[in-house]
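Please look through the sequence and the model below before reading on. The paragraphs after it are meant to be read with the structure in view.

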Amino acid sequence: LNKITLPAAVTAILIDFFVPPPGITEISSTWNGILSGVIGAVIGLTFLLIVYLVSFAIYKQEAMGLGDVKLAALIGLVVGSRLVLFSLLMGALLGGLVASGLLLFRIKGRKETIPFGSFLSLATIISLFWGNQILDWYLRLYGF
């Protein structure tokens with residue numbers, strides 16, 4: 001919803017000015033928070049816009065709405081450049097798990113849609129609270 005996403009984006013930029021996104025520990029200037037948020041927004045927007053365009057090219061109809069693409073940009077503003085892909089991938093994982101359960105128990109059919117925005121929102125909340133710890137743990141598993 002543009003009525004929610006656009007004012008929330010402006011609010012997120014203002015908050016990034018005073019309180020940087022998670023993972024920004026070295027603040028040499030107040031612009032680092034805004035820069036991380038804007039880079040995160042560009043990454044989120046680009047990532048889901050590519051998914052949107054590819055799915056539209058394959059299925060010849062919207063498999064995912066543009067609202068999800070705009071929400072990805074907002075998520076990037078909120079969580080910053082370090083956690084935006086983590087949030088998007090976690091949202092896809094959560095959505096896939098729930099969709100698998102709904103299909104398995106025949107609650108939804110293969111052709112029915114499942115809103116993706118709620119899973120993106122839940123993943124963003126998880127990222128805000130525990131994203132850095134989960135990401136650091138995961139990267140340590142592979143020696144990074």
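What follows is a walk through helix packing and then through pockets.

This is a predicted model, in which local features need pLDDT of at least 70, side-chain atom pairs count only at pLDDT 80 or more, and totals for chains, interfaces and linings use all residues. Residues are numbered from 1 along each chain as its sequence is written, and side-chain values use heavy atoms, with hydrogens and water left out.

The helices named here (H or I, at least four residues) are DSSP runs, as strands (E, at least two) would be, and they are numbered from the N terminus. Begin with helix H1, residues 2-18, which packs against H2 at an angle of about 140 degrees, with the two axes 6 Å apart. That angle makes H1 oblique to H2, since angles under 35 degrees count as roughly parallel, over 145 as roughly antiparallel, 65 to 115 as roughly perpendicular and the rest as oblique. The axes are lines fitted to C-alpha atoms, for helices over the stretch in contact, and angles run from 0 to 180 degrees between N-to-C directions. The crossing of H1 with H2 is right-handed; a crossing is given that name if the near helix is turned clockwise from the far one by less than a right angle, and is left-handed if anticlockwise. Where the two helices meet, Ile13, Asp16 and Phe17 of H1 are in contact with Trp31, Gly33, Ile34 and Gly37 of H2, contact being heavy atoms within 4.5 Å.

H1 also packs against helix H3, residues 66-79, and here the axes come within 9 Å and cross at roughly 20 degrees. H1 and H3 are therefore roughly parallel to each other, and their crossing is left-handed. From H1 the contact takes Asn2, Thr5, Ala8, Ala9, Ala12, Ile13 and Asp16, while H3 supplies Lys70, Leu71, Leu74, Leu77 and Val78. Sorted by class, these are 8 nonpolar, 2 polar and 2 charged residues, where Ala, Val, Leu, Ile, Met, Phe, Trp, Tyr, Cys and Pro count as nonpolar, Asp, Glu, Lys and Arg as charged, and the others, Gly among them, as polar.

The contact of H4 with H5 has 12 nonpolar, 6 polar and no charged residues.

A pocket is an open set of points on a 1 Å grid over the protein atoms alone where a 1.4 Å probe fits, with protein on both sides within 12 Å along at least five of seven lines, and its lining residues have an atom within 4 Å of a point. The largest pocket holds about 880 Å³ of space, a volume being the space filled by probe spheres set on the points, which are joined across faces, edges and corners. It is lined by 28 residues, with Ala63, Met64, Glu112, Thr113 and Ile114 nearest its centre. Helix H2 (31-59) and helix H4 (84-104) are the elements that each give two or more residues to this lining, and H4 gives the most, with 8 residues. The lining divides into 15 nonpolar, 8 polar and 5 charged residues.

The second largest pocket holds about 190 Å³, and its lining consists of Leu85, Phe86, Leu89, Met90, Leu93, Ile134, Leu135 and Tyr138. H4 and helix H5 (117-141) each give two or more of these residues, the largest share, 5 residues, coming from H4.
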